[in-house]
Amino acid sequence: MTMRVEATSPVVLRNGVAVTIRPLAEDDRIELARFGKSLPEDDALYLEDDLSDPNIINRLINAYAAENWRQMVAVRDNGEVVAYSAVRKLVGWSSHVGDIQLMVGKEFRRSGLGTEMAKAIFESARGLGVAKVIVEMLAVQVSGRAIFERLGFSREGIFSKHAHDRHGNRHDLVVMAYHVM
Ligand SMILES: CC(C)(COP(=O)(O)OP(=O)(O)OC[C@H]1O[C@@H](n2cnc3c(N)ncnc32)[C@H](O)[C@@H]1OP(=O)(O)O)[C@@H](O)C(=O)NCCC(=O)NCCS
């Protein structure tokens, strides 16, 4: 069994707002759904999971204590969720690999929150005991790249026309990785 890292960290962002970065909890359902619905349509086109879909929100909330999954949220004092990140252990011959997802609310971008969330989920990935961490993004999603490069990730490959957006257009998928051990 892997040890759970349940760290909570208060952070004051570059925009002056204080948030707490902590594990997703069962009673975050309403605020997580609100966050999902607030994401720009452009993001919804490109994200792997559609957080505006109540079924996806239920799946994430139901997995809040799952053995192979760690989920973190950034929450304001009023309970508003302003960012979400997750790392999930893959299965089968990739069961030593953790796959990261990260998204920050539109109003909170370029304030350092993506970087803080990435650091927090990276720590959770270490807690999961994975030997390698990957993050996948469409080639058009340039904003995530700098964050993971700064954390020491490097580009491992591009899968050509591997992902399709909600309009059915196919995109190249970039895989960045960090080898923990
Ligand atoms: C990617 C994302 C998480 C970044 O969140 P953020 O809170 O804006 O990140 P930060 O403020 O910590 O920015 C870190 C660095 O990333 C780079 N960056 C962020 N947004 C950028 C943009 N739109 N264009 C170019 N570079 C960008 C910058 O180098 C920035 O550093 P700086 O502000 O000091 O110049 C956010 O844009 C997002 O949720 N996008 C949609 C989902 C996504 O693409 N996720 C990543 C793949 S999993």
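Biologist: In S3, which residue is the bridge partner of proline 23?

Modeller: In this predicted model, the bridge partner of proline 23 in S3 is methionine 72. Arginine 22 likewise has a residue opposite it in S3, namely valine 73.

Biologist: What makes strand S2 and strand S3 a pair?

Modeller: Two strands count as a pair if there are at least two bridges between them. Strand S2 (residues 18–23) and strand S3 (residues 69–75) are joined by four bridges, so by that cut-off they pair, and the two strands run antiparallel.

Biologist: Why is S3 described as largely enclosed?

Modeller: Six of its seven residues are buried, so S3 is largely enclosed by the rest of the structure. A residue is called buried here if 20 or more other C-beta atoms lie within 10 Å of its own. Helix H1 (residues 29–38) lies across S3 and strand S4 (81–89), running at about 100° to S4.

Biologist: Why is serine 9 called partly exposed rather than buried or exposed?

Modeller: Serine 9 has 14 other C-beta atoms within 10 Å, whereas buried needs 20 or more and exposed needs 12 or fewer; the count therefore falls in between, and serine 9 is partly exposed. Serine 9 belongs to strand S1 (residues 9–12). Leaving out residues up to four places away in sequence, serine 9 touches Ile21 and Ala120; alanine 120 is 111 residues from serine 9 in sequence, yet their C-alpha atoms are 8.7 Å apart in space.

Biologist: In what order do the strands of the sheet follow one another, and what makes a strand an edge strand?

Modeller: The eight strands form an open sheet in the order S1-S2-S3-S4-S5-S6-S8-S7, with mixed pairing. The edge strands are S1 and strand S7 (154–164), each of which pairs on one side only. From one strand to the next, the twist averages 25°.

Biologist: Which strands does S8 pair with, and over how many bridges?

Modeller: Strand S8 (residues 170–179) is joined to S6 by seven bridges and to S7 by seven bridges, running antiparallel to S6 and antiparallel to S7. Methionine 176 in S8 stands opposite valine 135 and is also the bridge partner of arginine 155. S7 and S8 form a hairpin with five residues between them, and glycine 168 in its turn has a positive phi of about 90°.

Biologist: Which members of the largest nonpolar core touch the most other members?

Modeller: They are Val73, Ala74, Ala83, Met117 and Ile121, out of 44 residues in that core, to which H4 gives the largest share, eight residues. Beyond its neighbours within four places in sequence, isoleucine 121 is in contact with residues including Arg70, Met72, Ile100 and Leu102.

Biologist: How many residues surround the ligand, and which are the closest?

Modeller: The ligand is surrounded by 20 residues, the closest being Arg109, Gly114, Thr115, Ser143 and Gly144. By class, this shell has nine nonpolar, eight polar and three charged residues. Strand S5 (97–104), helix H4 (113–128), strand S6 (132–138) and helix H5 (143–150) each contribute at least two residues to the shell.

Terms used:
Residues are numbered from 1 along each chain as its sequence is written. This is a predicted model: local features need pLDDT of at least 70, side-chain atom pairs count only at pLDDT 80 or more; totals for chains, interfaces and linings use all residues. Two residues are in contact if their C-beta atoms, placed from the backbone, lie within 7 Å. A residue is near a molecule or strand if its C-beta atom, placed from the backbone, lies within 6 Å of it. Ala, Val, Leu, Ile, Met, Phe, Trp, Tyr, Cys and Pro count as nonpolar, Asp, Glu, Lys and Arg as charged, and the others, Gly among them, as polar. Axes are lines fitted to C-alpha atoms, for helices over the stretch in contact, and angles run from 0 to 180 degrees between N-to-C directions. A nonpolar core is a set of buried Ala, Val, Leu, Ile, Met, Phe, Trp, Tyr and Cys residues joined through C-beta atoms within 7 Å.
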